[in-house]
Amino acid sequence: FDGCCLVAINGEFVAQGSQFTLADVEVTVATVDLDDVTSFRANRGSRGPQVERAESYPRCHIPVFICQSTSILSPVISINYHMPEEEIMYGPSVWLWDYLRSSNMSGFFLPLSGGIDSSSTACLVGSMCDMVLHACHNGNSQVIADLRRVMRLRSNDPLPATAHEMVGKLFTTCYMASSNSSVETKRRAETLASQIGSRHITLSIDDVVGSCLDVFQDTTHLVPKFKVHGGSNSENLALQNVQARSRMVLSYLFAQLMPWTDDKSDSLLVLGSANVDESLYGYFTKYDCSSADINPIG
């Protein structure tokens, strides 16, 4: 997804394709004079000995012209380079769309904590919807057909009018609070969800965590405690991890059943948001929210 076609002649560029595009095929065309190549090479003395030793290619002249006699040569252009921030936004967005349309799923589900990692992942989905809708408005028939199939639209159903509306149809975010969550992270998650337009839900994982701990306590007759309450490092880590892993189980439950609440029979892809540094260093909980179908930032 990160790359584009270029047409160059004698060290100068005369055409450039799109670096990030939703089109399955893109053809980059330029009009050049091949005789310019011959003249350019003839002026390079370093090529003389090579030319003398090389065998001449047989030529057959035919009365066919691939250009009209009035064709204007393509002018020299300056290469367009995206800013790093644009590359970070466009590359994963195109990949997310390609994965979604190939999966036959009807959207994405993301546990949105209000932190920078999950927020960045949510913004990528918003960017994806913006790119898809822009391609639809430009008349890209393949993207329009893919969007209708992904959204389960009938032939007479209108396409989303805005990216905000499209996000609301394809993207569900969920703030999974616990007794240790802050009001600030909850507010951030709700604000971002409102800004990009996702279908946002808030739930508490305390009952699920409590049920898991009840099983342990009934089995061992021991009550683990957080370190601040006098517990050991092992107890503290286990109590933190059971919260994170409960979120993974709930993520897949809601991803599979949220479409069902709208009388749909499909499912959502679960997005992870463990960043690549955490993955490289191993600084994350195994089988928590980082255990997802795909992870755009990891």
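The legends below describe close-up views of a predicted model. Local features need pLDDT of at least 70 and side-chain atom pairs count only at pLDDT 80 or more, while totals for chains, interfaces and linings use all residues. Residues are numbered from 1 along each chain as its sequence is written, and side-chain values use heavy atoms, with hydrogens and water left out.

**View 1. Asp146 and Arg101 form a salt bridge.** The closest N and O atoms of the pair are 2.8 Å apart. A salt bridge here is a side-chain nitrogen of Lys or Arg within 4 Å of a carboxyl oxygen of Asp or Glu. The pair links distant parts of the chain. Asp146 sits in helix H5 (residues 141–150) and Arg101 in helix H3 (residues 84–103), 45 residues apart. Helices (H or I, at least four residues) and strands (E, at least two) are DSSP runs, numbered from the N terminus. Asp146 counts as buried, at 5% relative accessibility. Arg101 counts as buried too, at 15%. Buried means under 20% relative accessible area, exposed means over 50%, and partly exposed lies in between (1.4 Å probe, protein chains only). The structure holds 10 salt bridges.

**View 2. Asp266 and Arg152 join two loops.** Their salt bridge brings the closest N and O atoms to 2.9 Å. Asp266 lies in the loop between helix H9 (233–257) and strand E6 (269–270). Arg152 lies in the loop between H5 and helix H6 (163–170). The pair therefore ties together parts that are 114 residues apart in sequence. Asp266 is buried, at 14% relative accessibility. Arg152 is partly exposed, at 33%.

**View 3. Ser106 makes a polar contact with Asp266.** The two side chains come to 3.1 Å. A polar contact is a pair of N or O atoms within 3.5 Å; within protein, one must be able to donate a hydrogen and the other to accept it, and residues adjacent in sequence count only if both atoms are side-chain atoms. Ser106 belongs to the loop between H3 and E3. Ser106 is buried, with a relative accessible area of 8%. Leaving aside neighbours within four places in sequence, its contacts (heavy atoms within 4.5 Å) include Leu100, Arg152, Leu170, Asp266 and Leu268.

**View 4. Glu190 and Lys186 pair within helix H7.** Their side chains meet in a salt bridge of 2.8 Å, N to O. Helix H7 covers residues 183–196. Glu190 is partly exposed, with a relative accessible area of 33%. Lys186 is partly exposed, with 31%. Side chains of opposite charge can pair when their charged atoms come close.

**View 5. The largest nonpolar core has 37 residues.** A nonpolar core is a set of buried Ala, Val, Leu, Ile, Met, Phe, Trp, Tyr and Cys residues joined through side-chain atoms within 4.5 Å. Trp97, Phe108, Met128, Val132 and Phe171 have the most contacts inside this core. The elements that give two or more residues to the core are H3, strand E3 (108–111), helix H4 (116–137), H5, H6, strand E4 (171–177) and H7. H4 gives the most, with 10 residues. Beyond four places in sequence, Met128 is in contact with Ser93, Leu96, Trp97, Leu100, Phe108 and Leu170. Apart from this core lies another, of 12 residues, among them Met176, Leu203, Val242 and Leu250.

**View 6. Ser93 reaches a backbone oxygen.** Ser93 lies in helix H3. Its side chain comes to 3.3 Å from the backbone oxygen of Leu124. Ser93 is buried, at 1% relative accessibility. Not counting residues up to four places away in sequence, Ser93 touches Leu124, Ser127, Met128 and Met131.

**View 7. Cys136 is buried in helix H4.** Its relative accessibility is 6%. Leaving aside neighbours within four places in sequence, Cys136 is in contact with Val143, Ile144, Leu147 and Leu159. The C-alpha atoms of Cys136 and Leu159 are separated by 8.7 Å. The two residues are 23 apart along the chain.

**View 8. Val276, Leu280, Tyr281 and Tyr283 make a nonpolar surface patch.** The patch is about 570 Å². Patches are made of residues with over 30% relative accessible area and no salt bridge; like charges are joined within 9 Å, nonpolar side chains (Val, Leu, Ile, Met, Phe, Trp, Tyr) within 5 Å. Accessible areas come from the Shrake-Rupley method with a 1.4 Å probe; for residues, only the protein chains shown count as cover. Leu280 lies in helix H10 (residues 276–281). Leu280 is exposed, at 68%.
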